[in-house]
Amino acid sequence: MNDVTKITTAKDWASDQEVRWCPGCGDYAVLKAVQRTMPDLGVAREKTVFISGIGCSSRFPYYMASYGFHTIHGRACAVATGTKLANPELDVWIITGDGDALSIGGNHTMHLLRRNLDCQLLLFNNEIYGLTKGQYSPTSRVGTRTPSTPFGSVDRPANPCAFALGSGARFVARGIDVHKNLPDVLKAAHAHRGASFVEIYQNCVVYNDDVFAPFTDKSVAADKQLWLKPGEKMLYANGTKGLALDMEQHMLKVVDGDSDEVIVHNPKNRAVAHMLVEMPVASFPVALGVLYEDPAPTFDSAVIGQNAAASAGKKPDLQALVSKGQTWQVEKEPRAE
Amino acid sequence: MASATHTITEEESQAHPMLDAMVVRFAGDSGDGMQLTGGQFTLSTALAGNDLATFPDFPAEIRAPQGTTFGVSAFQINFGSTAIETAGDQPDVLIAMNPAALKVNVNALREGGLIIVDEGEFSPRNLAKAGYDANPLEDGSLAKWNLVHFNISQLTLDAVKPFGLGNKEALRCKNMWTLGLALWMFDRERGPIIDWLKTKFAKAPELAEANIAALNAGHAYGETVEIGGQVHKHHIDAAPAEPGLYRTVTGAESLSLGLIAGAQLAGLPMFFGGYPITPASAILHHLSRLKEYGITTFQAEDEIAAICAAIGASYAGQLGVTSSSGPGIALKGEAMGLAIMTELPLVIVNSQRGGPSTGLPTKTEQSDLYQAVYGRNGDAPMPVIAARSPADAFDCAIEAVRIATRYMTPVMLLTDGYIANAAEPWKVPDMGGYEPFPVEFAEGSAMEPDNDQVMPYRRNADLARPWIKPGTPGPEHRIGGIEKQPGTGNIDYSPEAHAEMTRLRAAKVDGIAESIPEQEVCIGNWSGKLAVVGWGSTFGPIHQAVRRARMRGLDVSHIHIRHIAPMPRNMSVLLKGFERIIVPEMNTGQLKTVLRDQFLVDAKPLNKVSGHPFRIAEIEAAIEAALA
């Protein structure tokens with residue numbers, strides 16, 4: 001790292017490129033939140049790399065004044081793995097969407113998370129394919145009517161955070177594009193060493209407008225959003241409601257906010273994290289913030305460590321290497337004379 | 001010699017090529033250790049100073065049911081006191097460890113050739129498994145060959161008795177007994193093999209001793225027992241070779257070493273992304289042991305991730321390399337386009353096998369030439385280089401790295417299953433003789449001096465763009481797969497930008513022809529009646545066939561193409577100097593199409609798609625027919 005990292009402002013992180021998302025797209029809000037967060041992280045622009053796949057959200061790197069790589073559909077995680085292993089000093093951010101990360105690139109997302117590459121993965125979930133004009137996505141709810149599903153989609157959606165936990169992620173968080181808490185979620189993701197998985201509910205104003213309104217709309221936000229804080233009780237609806245463990249059913253239940261049963265958020269509790277990400281929206285709030293965090297050794301440090309250990313005491317000598325094995329010397333051409 | 005180090009002398013080209021050479025095939029069950037036996041026999045052959053070429057031929061199944069014909073594994077070696085370029089058309093000696101091995105291989109043997117079999121394995125049950133109605137050792141069906149049989153199984157059991165092994169373990173020493181006999185037959189030293197066994201079984205000394213006892217017993221059997229027939233001591237003189245240090249090398253080994261050498265000459269650490277696939281995995285295995293050379297190996301979750309991670313590493317300033325075989329290369333296609341579009345250096349190795357789809361995983365073919373030259377969406381030009389032999393793969397790998405880094409482009413390096421697995425003597429190169437080509441990363445030079453505009457797509461005289469590593473303060477910029485404006489690299493879909501960038505990408509790759517050698521004629525005149533034009537591992541049989549035809553006075557030349565794309569700049573003139581052109585290929589005519597397309601010449605195909613390399617005689621016959 002540079003000894004002195006220049007103090008930056010949000011403006012320093014905006015590139016000179018014109019932003020080309022639809023007016024009103026949730027991506028603008030996420031871009032602003034990221035640009036506002038970067039100065040607080042104390043990182044240098046030249047050490048920061050945004051790597052994306054394909055989709056509306058994947059245009060993101062063009063708008064950041066750092067290094068950036070807009071790759072191919074679904075493969076941002078794979079490209080990012082090579083970049084981080086080649087230079088672990090880089091601060092790597094992966095920008096992806098529900099189709100990019102969970103459909104065409106689902107395999108790479110899974111392996112990046114289980115390997116625990118040190119990076120931030122921001123999954124912009126709008127439950128739709130926007131760039132290809134509105135087909136249903138792997139996170140679309142059953143019955144979603146789109147040009148490719150005129151009678152409604154019939155397949156059950158994937159749950160990004162459940163997928164991440166199932167893949168072995170050590171940091172799982174959720175945010176909302178326009179919510180003021182998003183920068184805090186991003187900061188927590190950045191502070192975590194390892195793969196930080198952040199699902200961002202992002203509104204597609206053109207093809208899937210208000211799909212998250214049942215919990216993001218101002219009128220219901222308090223009653224339907226549970227912002228988790230480590231060491232604090234799981235309370236929502238202005239403290240009038242809370243989550244408790246139903247010891248008979250072995251699941252979560254909603255109780256009064258002043259009940260003794262309300263549990264305290266321990267981000268290291270993986271079992272509770274699984275329950276938090278699976279809560280049905282109809283009868284429960286949506287869990288937001290850092291749902292799970294339990295650091296583990298990172299893939300990049302393990303690779304670099306093994307490379308160093310395996311090289312220790314060995315001096316690379318190309319001439320010796322090519323001369324290895326069982327060799328023989330030809331002194332002169334056998335039948336030269 | 002199948003290596004690039006030996007030039008054929010006038011005297012050699014006059015000699016009868018098979019006079020001083022011998023082809024031996026070891027064949028047995030997959031579990032009999034035939035590849036190991038062949039490998040050690042190869043080593044002893046090399047140490048005896050013979051030139052050689054080998055052809056390992058094994059089934060795709062790891063352990064096919066014992067005793068069946070589809071579980072037969074064979075290893076053929078051609079060695080001699082003259083230059084050897086192929087594994088041999090027909091074996092002179094077949095050593096068959098069971099009925100199935102005999103059945104599968106015997107018809108390849110030349111008439112009058114020697115068969116040595118382990119009669120201990122010729123039980124009614126094993127005969128039935130191999131599909132024999134009667135015992136071929138007794139029914140006279142092998143009369144046109146010279147048959148020798150004895151109970152190798154029992155002789156091995158007797159030899160290893162003192163070491164108290166179980167019956168199964170004791171019988172595993174059969175291959176060493178056989179090797180011992182073969183060493184006696186060809187007047188070879190046992191010492192290096194005994195040393196090797198001691199190292200191999202360092203943790204189980206009783207196994208080492210048992211194997212050594214079996215080896216010695218096989219040798220002593222030849223020495224003392226009157227076997228008769230052709231089983232007598234053959235001595236084959238050392239082959240002519242330039243003075244120097246030699247070793248044996250397989251294509252997978254030399255290609256790995258060449259990649260390392262290339263990275264060192266470029267002054268770069270190497271990132272190798274791979275996914276297991278036959279017959280390419282050996283490269284991943286070799287490189288993963290050599291971390292002290294600045295190599296990071298990454299076994300990715302799939303072929304796509306392997307190439308994408310390599311691209312990500314190249315983006316970050318390392319030499320990205322990925323390797324696979326045809327089906328895996330197909331999966332990497334889109335990512336190759338990304339490397340072409342973002343103009344990042346990358347080496348893609350294709351160890352070709354029979355296709356399409358899963359095809360013939362363990363058999364060889366050269367049928368991915370179209371895929372290499374054309375197999376991507378859009379106008380996506382990419383340099384293609386093909387290795388001709390195990391030893392040649394070393395220099396080809398260095399050349400691939402040189403082109404990739406100098407021109408900021410992905411490069412396809414073609415090898416095949418035959419080259420990857422086959423071994424040949426290799427004169428150890430003097431690394432001091434290679435000119436380094438150090439990479440310079442761009443810093444401030446990638447920016448316009450007056451307004452600090454970053455110019456990631458400004459081009460040098462080679463039309464290459466600057467390589468700017470993330471981490472460099474100042475020229476922060478964004479790249480991607482979308483069409484871009486020349487110079488700035490900003491997104492630009494305009495007709496002018498796309499037309500100009502398409503032109504530049506093609507002109508850059510075409511321009512590589514300026515830095516590669518002109519095409520040479522390997523043997524024969526630079527113009528005349530007939531040119532036999534080849535690429536890749538058909539080098540050996542073509543070369544021998546042309547040499548033999550020329551000995552009989554035929555006007556024929558051999559042209560071997562290393563640089564498939566772009567072609568050497570004199571290729572058009574050279575080809576047009578010949579009245580006829582034939583192109584032998586282990587595919588249905590792919591180079592032939594490329595030559596016709598680029599040079600409007602009447603190139604005629606000669607194709608073989610059996611999963612086995614050409615025999616010299618097949619090409620010789622085609623030469624005769626073309627000149628008749």
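Visitor: Before we look at anything, what makes two strands pair here?

Guide: Two strands pair if DSSP finds at least two bridges between them, and the strands themselves (E, at least two residues) are DSSP runs, as are helices (H or I, at least four residues), all numbered from the N terminus. This is a predicted model, in which local features need pLDDT of at least 70 and side-chain atom pairs count only at pLDDT 80 or more, while totals for chains, interfaces and linings use all residues. Residues are numbered from 1 along each chain as its sequence is written, and chains are lettered from A and ligands numbered from 1 in the order in which they are written.

Visitor: OK, which residue stands opposite A:I94 in β4(A)?

Guide: That residue is A:L121; strand β3 of chain A (residues 91-97) runs parallel to β4(A), and five bridges join them.

Visitor: And how many bridges join β4(A) to β8(A)?

Guide: There are seven, again with the strands running parallel, and β8 of chain A covers residues 195-201; within this pairing, A:C119 has A:A195 opposite it in β8(A).

Visitor: Is β4(A) buried or exposed?

Guide: Seven of the seven residues of β4(A), which spans 119-125, are buried, so the strand is largely enclosed by the rest of the structure. A residue is buried if 20 or more other C-beta atoms lie within 10 Å of its own, exposed if 12 or fewer, and partly exposed in between, with C-beta atoms placed from the backbone. A:C119, A:L121, A:L123 and A:N125 point one way from the strand, whereas A:Q120, A:L122 and A:F124 point the other way.

Visitor: How many residues does each chain put into the contact?

Guide: Chain B gives 60 residues and chain A gives 52, where two residues are in contact if their C-beta atoms, placed from the backbone, lie within 7 Å. On the side of chain B that touches chain A, the largest share, nine residues, comes from α12(B). That side divides into 36 nonpolar, 15 polar and nine charged residues, counting Ala, Val, Leu, Ile, Met, Phe, Trp, Tyr, Cys and Pro as nonpolar, Asp, Glu, Lys and Arg as charged, and the others, Gly among them, as polar.

Visitor: Which strand of chain A is joined to β15(B)?

Guide: Strand β2 of chain A (residues 67-70) runs parallel to β15(B) and is joined to it by three bridges, with B:G480 as the bridge partner of A:H70.

Visitor: Where does B:K332 lie?

Guide: B:K332 lies in the loop between α13 (326-331) and α14 (333-342) of chain B, and it counts as buried because it has 29 C-beta neighbours inside 10 Å. Its C-alpha atom is separated by 6.3 Å from that of B:E303, 29 residues apart along the chain.

Visitor: Last one, how many residues of α19(B) are buried?

Guide: In α19(B), 11 of its 13 residues are buried, so to speak mostly covered, and B:F539 and B:A549 are among them. Just after this helix, B:G553 takes a positive phi of about 90°.
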